[in-house]
Structures are given as structure tokens and as C-alpha cells.
Amino acid sequence: MKEQTLSRIERCKIIAVIRSVKGERLVPMAQALQSGGIDCIEICFDPCGAQSEQDIAAQISMLTEHFGDALCVGAGTVSSVGQVSAASDAGAQFIVSPGTLPQVIAAAGERGLVSVPGAFTPTEILTAHQLGADIVKLFPASFVGTEYLDQLRKPLGNIRLMANGGISVWNMRAFLDAGCAAVGIGKNLTGEVYKPVCDYGVLAETAAAYRAIADNDRRPVHRDLR
């Protein structure tokens with residue numbers, strides 16, 4: 001399953017990052033993203049505790065049960081072995097962390113899940129890779145831009161990298177061109193679901209615009225995406 005998940009992430013190129021969203025919005029939100037061509041979704045645990053670990057696991061389970069193999073669902077902001085277990089039991093296929101946590105990487109591997117720990121420096125990236133990371137999340141990516149990524153790629157060889165943090169329509173293609181296997185995008189993609197009234201049609205259009213850029217479609221984007 002891990003290789004299939006890796007292939008799917010690399011094929012989609014985009015992971016839509018969702019945090020602190022009410023459960024009733026999840027299915028229509030996922031349908032909108034899917035209709036726009038994005039079928040990899042990360043549901044984040046809440047380090048502030050506004051949503052319990054049980055709530056997040058229930059949201060992951062809701063999506064996996066509703067969509068089955070049509071959607072690739074993972075857990076984000078994972079910082080403990082317990083969260084890996086809860087996400088895995090709910091049907092998550094990949095685990096994303098803000099930093100490199102050996103116990104989390106090991107637990108994801110034991111569960112057969114794709115492990116995506118966060119790292120920033122060359123030492124952190126190499127450490128994450130040596131600990132068993134399948135993809136290393138460069139975070140925060142927009143803080144340093146693609147020139148930093150280009151310098152990293154030369155000594156780091158074929159380590160899969162995912163850019164996360166501040167990715168938008170203005171820089172996503174550049175990160176992919178610089179060698180990232182994928183990008184993770186939060187509010188710049190999914191911001192519509194945080195409004196009091198969500199327009200799922202707008203969300204689908206936004207997803208389609210990002211999909212076109214990821215596919216290197218050079219046609220102009222007709223939505224004002226910021």
C-alpha cells in the first residue's frame with residue numbers, strides 16, 4: 001500500500017491541507033477538491049486542543065468510509081505514536097509531521113504508512129531520510145524560496161521533498177520545477193471552507209486552477225487567486 005500511496009502523491013503533486021474544519025463540511029469539501037482534480041487530503045491534528053484526537057480520527061474515518069479508494073487521506077501535525085495509531089485505525093494512508101520525530105517515523109513505518117516528517121536544514125533532511133522518511137517536508141518553504149531548494153538538491157541526491165508553508169499559485173510551479181515531488185497547500189487552496197458560508201463551487205474552481213498549474217498548463221488562470 002505504501003508504494004501505491006507514494007505514487008499517488010507524486011502523481012497528484014498537491015496535498016490539500018485541512019485544519020480546524022467542522023465535520024459536516026468535510027464531505028462536500030472533499031467532493032469539491034476532487035472535482036477540481038485534487039484527491040490527496042491531509043486532516044491535521046490540533047496542537048491547541050480545540051479539536052480532540054478522537055475528533056480528528058473521526059474526520060479521517062468519515063472521509064475514508066465515504067470515498068474509499070477515490071481519495072487519498074492522511075493525517076497532519078502528527079506529533080506522537082498515539083496519533084499515528086489513531087490515524088492509521090481511521091484509515092489514513094500517510095503521516096505528516098511539523099518536525100523530524102524518530103518515534104513517529106518508526107510508528108508510521110510499522111503501520112505501513114507513508115511518512116512525511118518536516119525538516120529545514122540539510123542535516124535535518126538527511127536525518128529524516130536515514131530514519132526512514134518516505135518524503136521529507138521542507139517547512140517553511142516559502143521563507144527561503146526555490147534558490148535554497150536548488151542548493152539543497154545538489155548534495156541530497158534523490159531524497160523526495162515536499163514544499164509546505166506559504167505555497168500559492170505564484171510559487172507552486174517553481175517549487176515543482178525545482179525538484180519537489182509534491183507541495184502541501186493550506187488556506188491558499190482551502191480557505192473557502194473557513195468562511196461562515198462556504199461556496200463549494202468556488203473551492204472546486206480554485207482546486208482546478210491549482211491542478212492546471214501543477215500539470216504545467218500555461219493557459220491563464222481566470223480566478224483571482226492570492
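Here is a short chat about a sheet, a helix pair and a core in this predicted model.

Me: What makes β2 and β3 paired strands?

Reply: Two strands pair if DSSP finds at least two bridges between them. Strand β2 (residues 40-44) and strand β3 (residues 72-76) are joined by five bridges, so they pass that test. They run parallel, and one of the bridges links C40 to C72 in β3.

Me: Where do those two sit in the sheet, and what is the strand order?

Reply: The sheet is open, with nine strands in the order β5-β4-β3-β2-β1-β9-β8-β7-β6, and its pairing is parallel.

Me: How do you know which residues of α2 and α10 meet?

Reply: Contact means heavy atoms within 4.5 Å. On that basis R25, P28, M29, A32, L33 and S35 in α2 meet Y200, L203, A204 and A207 in α10. By class, that's eight nonpolar, one polar and one charged residues. The axes of α2 (residues 23-35) and α10 (residues 200-214) come within 7 Å and cross at roughly 40 degrees, and the crossing is right-handed.

Me: What makes M172 stand out in the largest nonpolar core?

Reply: The core has 76 residues, and M172, along with I41 and L63, touches the most other members. Leaving aside neighbours within four places in sequence, M172 is in contact with I14, I167, V183, I185, Y210, I213 and A214.

Conventions:
Residues are numbered from 1 along each chain as its sequence is written. This is a predicted model: local features need pLDDT of at least 70, side-chain atom pairs count only at pLDDT 80 or more; totals for chains, interfaces and linings use all residues. Side-chain values use heavy atoms; hydrogens and water are left out. A nonpolar core is a set of buried Ala, Val, Leu, Ile, Met, Phe, Trp, Tyr and Cys residues joined through side-chain atoms within 4.5 Å. Buried means under 20% relative accessible area, exposed over 50%, partly exposed in between (1.4 Å probe, protein chains only). Axes are lines fitted to C-alpha atoms, for helices over the stretch in contact, and angles run from 0 to 180 degrees between N-to-C directions. Helices (H or I, at least four residues) and strands (E, at least two) are DSSP runs, numbered from the N terminus. A crossing is left-handed if the near helix is turned anticlockwise from the far one by less than a right angle, and right-handed if clockwise. Ala, Val, Leu, Ile, Met, Phe, Trp, Tyr, Cys and Pro count as nonpolar, Asp, Glu, Lys and Arg as charged, and the others, Gly among them, as polar.
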